[in-house]
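Student: I would like to learn how to read the features of a model like this one. Please show it and take me through it.

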Amino acid sequence: MLEDYDMIVIGSGNGACGFLSEYMRAANKSSPERIVVNEEGDNFFNTSDITHQGNWTRSYAEGDIFKLHTASTFDGIPIISGRACTMGGGGSINYTMIHESSEWLTTHIGKTIAYWDDLKAELNKKFEREDPAKITSPIASHILQQAREFGFTDSTNKTCNIPNYQEGNQKLLHQFPTQFDQFGQRTHSGVSLVDWSLEYLHLKTQSKAIQLKFVNDVEGKARCANVSIEHLNTGKITNLSLSKHGKLILCAGAATPRLLYP
């Protein structure tokens with residue numbers, strides 16, 4: 001069965017949610033486009049703060065919340081990377097967010113330091129995250145104490161409780177605000193930027209994109225016509241079709257190159 005959409009979004013991380021919030025705000029149409037967001041993970045309301053903090057190591061070991069793979073930098077330094085198994089994956093694998101330094105952005109992209117500082121402040125107001133120093137968990141307190149013994153110091157450079165990266169200082173500790181509310185729901189990450197109650201916005205969790213299908217348009221240019229989706233809870237395969245001038249937005253992080261490769 002083919003379902004026709006004006007926009008298909010793959011992934012529901014911070015990138016996808018940030019894009020959607022701005023796109024829907026700017027569109028402001030009387031007859032909005034039909035948009036579907038496909039997320040391989042579970043609905044974020046079914047995960048809790050306890051799972052992520054109390055059983056952090058266990059979650060890694062069992063691959064329950066995160067699916068991990070090994071990776072390394074160009075210098076050969078090993079890192080742990082992966083994707084979250086819950087809605088809002090891009091935000092939850094990082095657990096929270098840290099701002100790139102405004103100095104770096106000015107040097108490499110342009111504008112002024114004040115310009116980037118103002119943008120950070122505007123974004124942070126939408127997250128409403130508490131000061132983590134006031135609600136430090138026991139494990140976080142232990143890590144902070146041990147790190148300080150090795151010469152690390154706490155960074156006080158923040159914008160609305162979200163830390164700013166500082167160039168050249170490798171001995172700073174950054175405390176991140178939690179993404180979860182008092183009910184254990186991840187409502188303070190990128191997913192909180194989107195109004196999921198809108199009738200024209202459809203969210204499909206446990207919905208894994210497995211193939212992009214392209215056709216040639218009248219000008220001979222390739223365009224995506226539909227996306228094959230595997231419903232992980234049933235194993236069923238369906239196709240989501242794009243309207244003639246529809247848009248495909250790939251925000252699936254590490255999965256995006258795999259989808260584009262064929």
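Tutor: Start with how elements are named: helices (H or I, at least four residues) and strands (E, at least two) are DSSP runs, numbered from the N terminus. In this case Tyr165 lies in the loop between strand E7 (162-163) and strand E8 (172-173). This is a predicted model, in which local features need pLDDT of at least 70, side-chain atom pairs count only at pLDDT 80 or more, and totals for chains, interfaces and linings use all residues. Residues are numbered from 1 along each chain as its sequence is written, and side-chain values use heavy atoms, with hydrogens and water left out.

Student: What is the mean pLDDT of the chain?

Tutor: pLDDT is the predictor's confidence in each residue, from 0 to 100. The chain has a mean pLDDT of 77, and 71% of its residues reach 70 or more. Over residues 49-58 pLDDT stays under 50, and the model has 20 contacts beyond four places in sequence for them; contact means heavy atoms within 4.5 Å.

Student: Is strand E2 mostly covered or exposed?

Tutor: Buried means under 20% relative accessible area, exposed over 50%, and partly exposed in between (1.4 Å probe, protein chains only). Strand E2 (residues 35-39) is mostly covered, with 5 of its 5 residues buried. Ile35, Val37 and Glu39 point one way from E2, Val36 and Asn38 point the other way, and all are buried.

Student: Which strand does E2 pair with?

Tutor: Two strands pair if DSSP finds at least two bridges between them. E2 pairs with strand E9 (residues 201-205) in the parallel sense, over 5 bridges. Thr205 in E9 is the bridge partner of Glu39.

Student: How many salt bridges does the structure hold?

Tutor: Side chains of opposite charge can pair when their charged atoms come close. A salt bridge is a side-chain nitrogen of Lys or Arg within 4 Å of a carboxyl oxygen of Asp or Glu. The structure holds 4 of them. One joins Arg25 to Glu22, with the closest N and O atoms 2.6 Å apart. Both residues lie in helix H1 (residues 14-27), 3 residues apart, about one turn of the helix. Arg25 is exposed at 57% relative accessible area, while Glu22 is partly exposed at 33%.

Student: Where does Lys247 lie, and where is Glu33?

Tutor: Lys247 forms a salt bridge with Glu33, the closest N and O atoms being 3.2 Å apart. Lys247 lies in strand E12 (residues 236-250) and Glu33 in the loop between H1 and E2, so the pair ties together parts that are 214 residues apart in sequence. Lys247 is partly exposed, at 33%, whereas Glu33 is buried, at 15%.

Student: Is Lys120 buried or exposed?

Tutor: Lys120, found in helix H6 (residues 113-124), counts as buried at 7% relative accessibility. Leaving aside neighbours within four places in sequence, Lys120 is in contact with residues including His99, Glu100 and Thr159. Lys120 and Glu100 are 20 residues apart in sequence and 9.7 Å apart in space, C-alpha to C-alpha.
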